[in-house]
Structures are given as structure tokens and as C-alpha cells.
Amino acid sequence: MNLMAAVEVMRTSPLSGVFVTLLAYKLAVLFNRRCKGHPLSNPVLIGVLLLLGWLLATGTSYRDYMKGGVMVQMLLGPATVALAVPLYGNLSRLKRAAGPLAITIVFGGLLGIISAVGIGWLLQLPQQVLLSLTTRAVTTPIAMSVSQGVGGIPELSAMFVILSGIFGAVIVKPLFSLLGMGDDMVLGTATGISAHGIGTARVFQLSETAGAFAGLAMGLNGVVTAILVPLLAPLLH
């Protein structure tokens, strides 16, 4: 087998997608530890950059990559369900704050949609891009499904989701330090609403309680967004 044939096999094999994804994440975690957890060394951010570099260097298409990448994506479901475990440990606190939390998540989800679309509108982005922006604060599967349903571009929505999550994960700790806010419930809820799973993973590193509330806010914001976006989308047509 010559070199070109070997590269072609490596680009199209499903196992390559799995191996490269796990390797990129492992290297990113090591880099983050070497940087002593600096926000800009966020493992997701570094992992995405490493993966993009590999895709560009080998000329691998998104379709070929996802033959293996989908195997990793399947783990997101069980990982999300597992967020219920730390939340159960904070059940009494959750019951006491159920009302304010529900109001915060509904208005936070609505504000996330309006702010994203509003900035896009000020920048005179095309209608399809605005529709794709409406789901930028929820997890990728929900974002792509809702975006497709209202006339957006699912792949573009996925990109907005990833960028929002990375930005939230990078900025959450410096921002809360700047604001002098240290309540784990506030930290977790705000992060879950605005930066979904990537932000949730970040706040889990800061506090298990904050991670639990981030997981709750992320899940409920997905439901809120799936209801609100189809209702608001006609305003953009």
C-alpha cells in the first residue's frame, strides 16, 4: 500500500474519527494542566483547534469525520443523564429555589434568543443566519433540529452552539470574579442557560454544586428554546 492509499484509508475510516477525537481531547487536557487551568487553555477550545488542524491537514470532510465522530457523540446522551446524580445531592436546595429558578431559566432563554438575533440583525446578517442564531445557547442536537424546523441552517447552528459554549467556558470564571459573585447556584444556572454542555463541563471543575445546577438549567433551557423559537421565528420571515 503506497502513502496516498494509506492516507485515504486513514481519512475515511470510522475508527480514525474516534481515535483523533480522543487524542485531541487528551492532548488538550494535558495542555490545560500544564497551563494550570488558565481560561484560554480550556480543553474544549484546544481540542477543537487540534481537531480542525487535523481535518485541514488531511483534507478530511465533515461527512467522513462523522462516520467515527458519531460514536463519540452517542456518549453525550448518557453523560447528560448522569448530571442528575449531583443534582439529586442538592435536591433540598433545588426545592427551595424552584420558583425563582423556573422564572430565571424562562427569561434567560428568551433573552438569549433575542440578544443573539438582535446582534445579528444590527450586523445585517441574512435571514437564514438569524434563524440559525436562535438556537445558539442549547445543546447541538436540539439546536440543529429546531433550526432545521424553522428554516435555519443546522450546520451553521451547530457552529454557533460550539462557539457560544467555548466563549462561555472561557469567560465564566473571570467574569464572576470580576462581578464578585460566588454563589454556586447562580454560577451554575447562568452558565447552563448561556453556555450549555461546554460551560457545564467547565463549572463542574469549579464546583460540583454549580455543575449540577448548570446541568439542570441546560436541560430546561433546551425545552424552553424548543418551544419559544418556533413561536418567534415567523417574526423573522
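## Salt bridges, pockets and a surface patch

Asp183 and Arg93 form a salt bridge, with their closest N and O atoms 3.4 Å apart. Asp183 sits in the loop between H11 and H12 and Arg93 in helix H7 (residues 91–96), so the pair ties together parts that are 90 residues apart in sequence. The term salt bridge here means a side-chain nitrogen of Lys or Arg within 4 Å of a carboxyl oxygen of Asp or Glu. Helices are DSSP runs (H or I, at least four residues), as strands are (E, at least two), and they are numbered from the N terminus.

This is a predicted model: local features need pLDDT of at least 70, side-chain atom pairs count only at pLDDT 80 or more, and totals for chains, interfaces and linings use all residues. Residues are numbered from 1 along each chain as its sequence is written, and side-chain values use heavy atoms, with hydrogens and water left out.

### The salt bridges

How many salt bridges does a search of the whole structure find? The search finds 2. Side chains of opposite charge can pair when their charged atoms come close. In the pair described above, Asp183 is partly exposed, at 35% relative accessibility. Arg93 is also partly exposed, with a relative accessible area of 24%. The cut-offs are these: buried means under 20% relative accessible area, exposed over 50%, and partly exposed in between (1.4 Å probe, protein chains only).

Another salt bridge joins the side chains of Lys67 and Asp64, at 3.3 Å from N to O. Lys67 and Asp64 are 3 residues apart in helix H4, so about one helical turn separates them. Lys67 is partly exposed, with a relative accessible area of 40%. Asp64 is buried, at 15%.

### Pockets and a cavity

A cavity is a set of points where a 1.4 Å probe fits but cannot get out. A pocket is an open set with protein on both sides within 12 Å along at least five of seven lines. Lining residues have an atom within 4 Å of a point. Grid points are joined across faces, edges and corners, and a volume is the space filled by probe spheres set on the points.

| Space | Volume | Lining by class |
|---|---|---|
| Largest pocket | about 2000 Å³ | 30 nonpolar, 14 polar, 2 charged |
| Second largest pocket | about 540 Å³ | 16 nonpolar, 9 polar, 1 charged |
| Largest cavity | about 40 Å³ | 3 nonpolar, 6 polar, 1 charged |

In these classes, Ala, Val, Leu, Ile, Met, Phe, Trp, Tyr, Cys and Pro count as nonpolar, Asp, Glu, Lys and Arg as charged, and the others, Gly among them, as polar.

Start with the largest pocket. Its lining holds 46 residues, and Val44, Leu76, Thr140, Ile162 and Ile198 lie nearest its centre. Several helices give two or more residues to this lining, including H2 (14–34), H3 (43–58), H10 (140–150) and H13 (208–232). Which helix gives the most to the lining of the largest pocket? H12 does, with 8 residues.

The second largest pocket is lined by 26 residues. Arg136, Ala190, Ile193, Ser194 and Ala195 lie nearest its centre. At least two lining residues come from each of helix H8 (98–122), H11 and H12. H11 gives the most to this lining, with 9 residues.

The search of the whole structure finds 1 cavity of 30 Å³ or more. Among the residues lining the largest cavity are Gly109, Gly112, Arg136, Asn221 and Thr225. H8 and H13 are the elements that give two or more residues to its lining. The largest share, 3 residues, comes from H8.

### The nonpolar patch

On the surface, Phe167, Ile171, Leu175, Leu178, Leu179, Met181 and Val186 form a nonpolar patch. Together they have about 660 Å² of accessible area. H11 supplies the largest share of the patch, 5 residues. Met181 lies in the loop between H11 and H12, and is partly exposed, with a relative accessible area of 39%.

Patches are made of residues with over 30% relative accessible area and no salt bridge; like charges are joined within 9 Å, and nonpolar side chains (Val, Leu, Ile, Met, Phe, Trp, Tyr) within 5 Å. Accessible areas come from the Shrake-Rupley method with a 1.4 Å probe, and for residues only the protein chains shown count as cover.
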